[in-house]
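This report describes the pockets of a protein model and the residues that line them. The structure is shown first, and the description follows.

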Amino acid sequence: MSLRLGDIAPDFEADTTQGHIQFHEWLGNSWGMLFSHPADFTPVCTTELGRTALLKDEFGKRNVKVIAVSVDDLESHNRWTPDIKDVTGSEVNFPIIADADRQVATLYDMIHPNASEKATVRSVFVIGPDKKIKLTLTYPASTGRNFNELLRVIDSLQLTANYQVATPADWQEGDDVIVTPAVTNDQLEEKFPKGVTFVKPYLRTTPQPNK
């Protein structure tokens, strides 16, 4: 069965390039981003893992732990990481799961037979501190992920978790946000002291609360 938003992210044990982990324990109270790549020594994935390493500080200030997975073994990962540094200038600074037995790929429904019976599709899971899945995205093998977009979505998710707001289409950091329907009009002044604009009775906007 495929995983859905709001489901608990499956726990697992695995060997990684940074040692053996128990996934939920490794996450702790952090947010997490688990992303898969079809295979080591592939061109698009090489650029993606390098980009992720470059964004270490951006993930860090959002309290997001990043971890990658493919169905290659640990020896393969360790032979590949120098290539990533050579191509992108970035030392891989996050763990890569060795999933040769496809345990993690199966738990997270990353093997799509119509795409490949052997390799994982390019999936992303953003997981909250409550261990629930907040975002799922699956890209085709030919398209590299937009990591700026992933950071934007994480920013939006964290605003929703902390302030009872949602973000409109094409929202960027610093733009106005939408007050969720769960907040009554009587609560607006207390919760949103910067003010609320009634665009429609069902559409209320407010300046980003944490700015």
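## The second largest pocket

The lining of the second largest pocket comprises six nonpolar, four polar and two charged residues. Here Ala, Val, Leu, Ile, Met, Phe, Trp, Tyr, Cys and Pro count as nonpolar, Asp, Glu, Lys and Arg as charged, and the others, Gly among them, as polar. The model is predicted: local features need pLDDT of at least 70 and side-chain atom pairs count only at pLDDT 80 or more, while totals for chains, interfaces and linings use all residues. Residues are numbered from 1 along each chain as its sequence is written, and side-chain values use heavy atoms, without hydrogens and water.

A pocket is an open set of points on a 1 Å grid over the protein atoms alone, where a 1.4 Å probe fits, with protein on both sides within 12 Å along at least five of seven lines; lining residues have an atom within 4 Å of a point. Among the lining residues of the second largest pocket are Trp26, Thr52, Phe94 and Pro95.

## Pro95

Pro95 is buried, with a relative accessible area of 5% (buried means under 20%, with a 1.4 Å probe and protein chains only). Contacts of Pro95, leaving aside neighbours within four places in sequence, include Gln18, Trp26 and Val66 (contact means heavy atoms within 4.5 Å). Pro95 and Thr52 are 43 residues apart in sequence and 11 Å apart in space, C-alpha to C-alpha.

## The largest pocket

The lining of the largest pocket divides into two nonpolar, four polar and four charged residues. Lys61, Arg62, Asp155 and Glu173 are among them.

How values were computed: Buried < 20%, exposed > 50% of the residue type's maximum accessible area, 1.4 Å probe, protein only.
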